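This report describes a protein model in terms of its helices, charged pairs and surface. The sequence and structure come before the details.

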Amino acid sequence: MGLFRKKKRLDDGFIDMVRAHDNGEEWAQKFFDDGYDSGNPDFIRRFQEARLQIYKKAAEQGDPNACCMMGKSYMFLGDEAQSFKWFKPLIDREDGYALSIISFGYNEFGGFPPDHDQEMYWLKRSAESGYAPSQVDLGREYKIEHHDQV
């Protein structure tokens, strides 16, 4: 029984670290950077699974930030269907930030199968929604595709 409690506390500690990371606490960001840089795929999986536990209740109540975090976490876990389930309310609202995350999901570093056409489709939707970082990214893509003829 004591071993179970110790393991549970370690899991709770990891969840607390993820929560602190998402709240911008510097020590947690350093911990995340070290874990990510280690290249350990289990770290990223555990990080995303902790986010699912943290944000699920708020997402079920319709909180846009929580829906976005759920969608992003499922994206990095490679579950496209679950990801879109949580992104759907944000897609319907043309939330530029969420649309940009979906776009990222289709590049070589995202969690979906890489698909340049899908990446550009979602990036364009994000830019058209008025999300300035996507407008800049779309401009860069256009410049690259047109071989600096712009």
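**Basis**

This is a predicted model, in which local features need pLDDT of at least 70 and side-chain atom pairs count only at pLDDT 80 or more, while totals for chains, interfaces and linings use all residues. Residues are numbered from 1 along each chain as its sequence is written, and side-chain values use heavy atoms, with hydrogens and water left out.

**Overall fold**

The protein chain has 8 helices and 0 strands; helices (H or I, at least four residues) and strands (E, at least two) are DSSP runs, numbered from the N terminus. Along the sequence the pattern is α-α-α-α-α-α-α-α. Taken along the principal axes, the C-alpha atoms fill a box of roughly 65 × 35 × 25 Å. Of the 150 residues, 35% count as buried. Buried means under 20% relative accessible area, exposed over 50%, and partly exposed in between (1.4 Å probe, protein chains only).

**Helices H7 and H8**

Two packed helices are described by the angle between their axes and the distance between the axes. Helix H7 (residues 116–128) and helix H8 (residues 132–145) have axes that come within 8 Å and cross at roughly 135 degrees. The axes are lines fitted to C-alpha atoms, for helices over the stretch in contact, and angles run from 0 to 180 degrees between N-to-C directions. H7 and H8 are therefore oblique to each other. Angles under 35 degrees count as roughly parallel, over 145 as roughly antiparallel, 65 to 115 as roughly perpendicular and the rest as oblique. The crossing of H7 and H8 is left-handed, a term used if the near helix is turned anticlockwise from the far one by less than a right angle.

**Salt bridges**

The whole structure contains 11 salt bridges, each defined as a side-chain nitrogen of Lys or Arg within 4 Å of a carboxyl oxygen of Asp or Glu. The table lists some of them.

| Pair | Closest N to O distance |
|---|---|
| Asp34 and Lys30 | 3.0 Å |
| Lys56 and Glu60 | 3.8 Å |

Asp34 and Lys30 are both in helix H2 (residues 26–37), 4 residues apart, about one turn of the helix. Asp34 has a relative accessible area of 40% and is partly exposed.

Helix H3 (residues 41–60) holds both Asp42 and Arg45, 3 residues apart, about one turn of the helix. Asp42 is partly exposed at 32% relative accessible area, and Arg45 is partly exposed at 35%. A network of salt bridges links Asp42, Arg45 and Glu49.

Lys56 and Glu60 also lie in helix H3, 4 residues apart. Lys56 is partly exposed, with a relative accessible area of 41%, whereas Glu60, at 52%, counts as exposed.

**Surface patch and loop residue**

A nonpolar surface patch is formed by Phe76, Phe104 and Phe109, with about 290 Å² of accessible area together. Such patches are made of residues with over 30% relative accessible area and no salt bridge, with nonpolar side chains (Val, Leu, Ile, Met, Phe, Trp, Tyr) joined within 5 Å. Phe76 belongs to helix H4 (residues 64–76) and is partly exposed at 31% relative accessibility.

Glu94 is in the loop between helix H5 (80–92) and helix H6 (96–105). The phi angle of Glu94 is near 55 degrees, a positive value in a residue other than glycine. Glu94 is partly exposed, with a relative accessible area of 35%.

Methods:
Patches are made of residues with over 30% relative accessible area and no salt bridge: like charges are joined within 9 Å, nonpolar side chains (Val, Leu, Ile, Met, Phe, Trp, Tyr) within 5 Å. Accessible areas come from the Shrake-Rupley method with a 1.4 Å probe; for residues, only the protein chains shown count as cover.
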